[in-house]
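I opened this model to go through its fold, its confidence and a few single residues. My entries are in the order in which I looked things up.

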Amino acid sequence: ISYIIEQLEHQKYERLHLKKDVLIIQAAGNNKRNIDLITYFPSAKDAQGKIFPNYLRVGSSDKKGQLSQFSNYGAKEVDVFAPGEEITSVTVGNKYMVSQGTSIATPIVSGVAAMLRAHFPKLTATQIKEILIKSVRPADNLKDRCTSGGIIDALQAVKLATEYKKR
């Protein structure tokens, strides 16, 4: 019963964010699984299976642009990949730490999305998602592992956002 309540709350939450024009960016997880084949929560879908247009899921890639060994993937359930291995970040006490995971890859995508929203404020959350997906750097090894078939590319995203702005 608690799972059903969580799902209903999640769907309510997602609809609220769609109404408020918020882009939700979620890590795909680190279970080495094809999440197209399993129920993975939270989901980008409502109870009827309709995909929320403002929801983006991120997998992890390595320095060579390959799927990270630990990253979840899915041609339907994961939208883009971003670097998620050997990422240096600041931690408590102003110290540096090297981390890995889809939770490290996701802030990279969030940063690009935030940059686009700041510089192109008239673009909607759904348009930002489209831009992030369409502007990836294609990677043959990822074409069947995510909807975009590639790795986030900030420069290409800005170029594409400029075209959207002209519309």
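**Overall.** I am working with a predicted model, not an experimental one.

I then went through the elements. The protein has four helices and seven strands, and from the N terminus they run α-β-β-β-β-β-α-α-β-β-α. Of the 167 residues, 41% are buried. Among contacts with a separation of 6 or more, 61% join residues 24 or more positions apart. For the accessible surface I noted about 9700 Å², with 54% of it belonging to carbon and sulfur atoms.

**Helix 4.** I checked the length of helix 4, residues 154–166, against its end-to-end distance. At 1.5 Å a residue its 13 residues should span 18 Å, and the end C-alpha atoms are 19 Å apart, so the two agree. Next I asked which residues of helix 4 are buried. They are A157, A161 and Y164. These cover an arc of only 55° around the axis, which means that they sit on the same side of helix 4. On the face turned away from that buried side I found the exposed residues L155 and K166. The cover over the buried residues of helix 4 includes helix 2 (102–119) and helix 3 (125–134). At the N-terminal end of helix 4 I noted a cap by D153, with a side-chain oxygen 3.2 Å from the backbone nitrogen of L155.

**Helix 3.** I followed the cover of helix 4 back to helix 3. In helix 3 the buried residues are A125, I128, K129, I131, L132 and I133. They pack against strand 2, strand 3, helix 2 and helix 4.

S71 counts as buried, because its relative accessibility is 1%. Its side chain reaches the backbone nitrogen of S60 at 2.9 Å. Beyond four places in sequence, S71 is in contact with G29, K32, R33, G59, S60, F81 and T102.

N72 lies in the loop between strand 2 (55–61) and strand 3 (80–83). Is N72 buried or exposed? It is buried, with a relative accessible area of 0%. The side chain of N72 reaches the backbone oxygen of A28 at 2.9 Å. Leaving out residues up to four places away in sequence, N72 touches a list of residues including A28, N30, I35, Y40, L67 and V78.

**Positive phi.** My last check was on backbone angles. Most residues other than glycine have a negative phi, so I noted the exceptions I came across. D21, which is not a glycine, has a positive phi of about 60°. D21 is placed in the loop between helix 1 (2–19) and strand 1 (24–27), and at 28% relative accessibility it counts as partly exposed. E86, also not a glycine, has a positive phi of about 55°. The place of E86 is the loop between strand 3 and strand 4 (87–91). E86 counts as exposed, because its relative accessibility is 51% and the cut-off is over 50%.

Terms used: Residues are numbered from 1 along each chain as its sequence is written. This is a predicted model: local features need pLDDT of at least 70, side-chain atom pairs count only at pLDDT 80 or more; totals for chains, interfaces and linings use all residues. Side-chain values use heavy atoms; hydrogens and water are left out. Helices (H or I, at least four residues) and strands (E, at least two) are DSSP runs, numbered from the N terminus. The expected span of a helix is 1.5 Å times one less than its number of residues. Buried means under 20% relative accessible area, exposed over 50%, partly exposed in between (1.4 Å probe, protein chains only). The arc is that of the directions from the helix axis to the C-beta atoms. Contact means heavy atoms within 4.5 Å. A polar contact is a pair of N or O atoms within 3.5 Å; within protein, one must be able to donate a hydrogen and the other to accept it, and residues adjacent in sequence count only if both atoms are side-chain atoms. Accessible areas come from the Shrake-Rupley method with a 1.4 Å probe; for residues, only the protein chains shown count as cover.
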